Every structure is written in C-alpha cells, then in structure tokens.
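Please view the structure first.

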Amino acid sequence: MTQHTDVVVVGGGQAGLAAGYHLRRQGLEFEILGADPAPGGSWQHMWDSLHLFSPAEHSSLPGRLMPVQPGETYPGTKHVVDYLTAYEKRYDLPVQHGTHVDAVRRDGDRLLVEADTGTWRARAVISATGSWSRPFLPAVPGRGVFDGRQLHTVNYRRPADFAGQRVVVVGGGNSGAQIAADLALDDRVDTTWVTRRPPRFLADYIDGRALFDVATARRRALEEGRSDSGGVASLGDIVAVPPVRAARDAGLLEAKPMFARLAADGVRWDDGSHTGSDAIVWCTGFRPALAHLAPLNLRGPRGHIPTDGTRALGEPRLHLLGYGDWTGPASATLIGVGRPARDAAREIAQLR
Ligand code: FAD
C-alpha cells in the first residue's frame, strides 16, 4: 500500500535529523527512512580511536548542544552516536531505521519513494544518504594480484587487527593521516604511509572550529560579491588532531610518494625497489550515495547532481543535504548541516 506524506527524507544520519528538525518547524508532515538498523548514521561504523576534530560545543545540530564528553576536548564516535540517538528521541523524529530506499521516481505532481518496506508518495524528497556506503578505490596497476588483505577506510577498526604485520596506508587526506597515525603509534605494526602528493598539514592551532569560521567567512564574501579566498582547501588538507600531531612529531608520519604498482607480496616503487606488505588500507575517499536517485536522471559532472543551494536544478521537488560543500558550505559537518537543512525546509514549505 502506498503511504502519503509531505516530505520523505532518505537517510537517518545527522543530515536526515537536521532536516527533520526544520521540517517540523515548518509544520510539514514527513517520514525519515534510514538504511542503518540503529541511530547514529555512519558514526557507528567508524574506527575505534576516531575523535571529532572540533570540541562538542562546535559540533551540534540545530536546537540542542552536544554535551561535553567528560575528560575529552574532542568527543569520540560513541559520544556522537549517543548524541544523535538522544536528538532523535528529544524531537520525536519519525525515523524508520532499517529501511533502504531503492528508487525515487516522478509520479505526476508527486515523487514516489520505493523502499524495501513500502512505498511513499510525497510532495518533496530530501536525500541525505551521505557517502560512507560508497567507498572509492582508485585503479592502481596490480590491485588484483596482491595476495594480502585490502581494506578501505570503512573496514578499518583498530591497530590490534594488524599486530605483527606490515601495513601500507594509502591517502593524504584526514582519514589517511589518522589511520596511518593510529597504526604507526602501535609498536606491533610496521606502517608505511603513501600519498600521491606531499601531505599538507594544517597549522596545529587549526581545528574544525577554525575551519568552520573560514568556511563561513568564504560564504559571506561570495554572497557579498567579494573575491573568493579559496576557503578551507587553500589552508591545507590534514587537521593536526592530537594523535596525528603525536605521530608526526615522533617522526612516524613521513609519507612516501605513491608506489607504481602492487605485486603479490607488497608494493613496487618507480625506482624498482620493493616494500613487502601484508595489508593495504585504501584511505582514498568516497563518492556520494545517490543510486536511489538514478530514475530521476539528474547526474552531472563528477557523479554529483547539479544544485542551487540544496535544490536539484533538474527537479525542484528534490533537495540534497550533507555530502559535501556542493550542497552548501560545511554541509557535510555536524555544525554546518543546520543552515542548509533550514533553507531546504523553507523552500519545500513554499512549494505548497
Ligand atoms: P551519514 O552519517 O553517512 O548518514 C547517512 C545515512 O543514510 C546512513 O545511516 C545510511 O545508512 C543511510 N543511507 C544511505 N543510503 C540509503 C538509502 N538508499 N536508503 C536509506 N538510507 C540510506 N564532521 C564533523 O562535523 N566533525 C568531524 O570531526 C568529522 N570527522 C569525520 C571523520 C571521518 C572519518 C569522516 C568520514 C567524516 C567526518 N565528518 C566530520 C564528516 C561528517 O560529519 C560525517 O561524514 C557524517 O557522518 C555525515 O553525516 P550524513 O548524515 O551526511 O551521512
């Protein structure tokens, strides 16, 4: 049986909850459909030692401050999951966990949302499915011949899983630096860190809070027609969170350039030398999880859907939330998603 509602939000992570908060404020009826069986979005799947790069008070969704985690300046992932779980409850958000949306299609003046548990007809859809479920692996020669273990960021948990092993970590972003630091700080693991370009560490005093300020200043400058400062990306790639700093300062985070190819027993460099390895951890990023939107035929360059703010250019009843800066500055962060969520809910309310 098809159910009817004003708005369906696809994805029950932080972006989906922020959308729910603002849809409620607009007085709209909505359902949030999330594939994960439990609250917390992708935070519940991240590695054990991961901590936020901003203090709790700078990591909050609209309406409710994240409480400080006792003894931690930068909260751990379990604290974030607890916060999101409490947030969902506090605002009594109608999240149907364990519901995977397979397709969104046009159906006259409505959008039809087909999930594994049922079908909804809605005036608008907010897609907030993140990117954790679409890990990206680069095409590297020999990837199929390597005999050891190959993992992506999404499969990495803790150094103990690699005790006594030689591990190559690939990637010069935050995940690569943090996982390389996690492994390098454990004496039981022989770690090699590999990056395509020399790693660019941000100054030690810059954390997520400062990055958010830079993103905000950039947004204001662009809105006022001033020149583009280049934003966060112009400052560097890697936030020097405490473990990264510790590993770097101990000389354990010296990156090697990208290897030429994989062999059965390790990696080979351009000069013909060889590093034996038991495992490769690919920290090579993600793509937005947009497969459910394929029937709308909206895909643009780089797998993104072209938007004006959060609204899809080719389908005004569809909004995209989270994912990255292309859906709003800092939209893919806890503190940044509130503003685009508010704008999306306002625009949807005006569709009436
Ligand atoms: P997600 O948390 O991924 O939630 C999306 C939800 O949608 C998931 O539950 C998924 O199961 C569901 N879903 C996917 N497809 C479907 C479908 N077809 N149907 C139904 N449901 C679906 N941000 C910060 O603010 N501070 C930080 O310190 C920080 N650190 C980060 C560290 C790492 C390693 C990573 C990867 C990201 C970090 N971020 C940080 C960025 C961002 O806050 C997180 O990625 C966050 O999880 C994004 O939230 P989201 O709701 O957009 O996506």
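One salt bridge is counted between domain 1 and domain 2 (a side-chain nitrogen of Lys or Arg within 4 Å of a carboxyl oxygen of Asp or Glu). Asp48 forms a salt bridge with Arg158, with the closest N and O atoms 2.5 Å apart. This is a predicted model: local features need pLDDT of at least 70, side-chain atom pairs count only at pLDDT 80 or more, and totals for chains, interfaces and linings use all residues. Residues are numbered from 1 along each chain as its sequence is written, and side-chain values use heavy atoms, without hydrogens and water.

The domain bounds come from an automatic or database domain assignment.

| Domain | Residues |
|---|---|
| Domain 1 | 2-133 + 286-349 |
| Domain 2 | 149-201 + 237-282 |

The C-alpha centres of domain 1 and domain 2 lie 32 Å apart. Ten residues of domain 1 are in contact with 13 residues of domain 2 (heavy atoms within 4.5 Å). About 970 Å² is buried between the two domains, 62% of it from carbon and sulfur atoms. Buried area is the accessible area (1.4 Å probe) that two parts lose on being put together, summed over both.

The second largest pocket lies between domain 1 and domain 2, because both give residues to its lining. A pocket is an open set of points on a 1 Å grid over the protein atoms alone, where a 1.4 Å probe fits, with protein on both sides within 12 Å along at least five of seven lines; lining residues have an atom within 4 Å of a point. The second largest pocket holds about 180 Å³ of space. Of its 13 lining residues, Ser49, His51, Val241, Pro242 and Pro243 are the closest to its centre.

Conventions:
Points joined across faces, edges and corners; volume = space filled by probe spheres on them.
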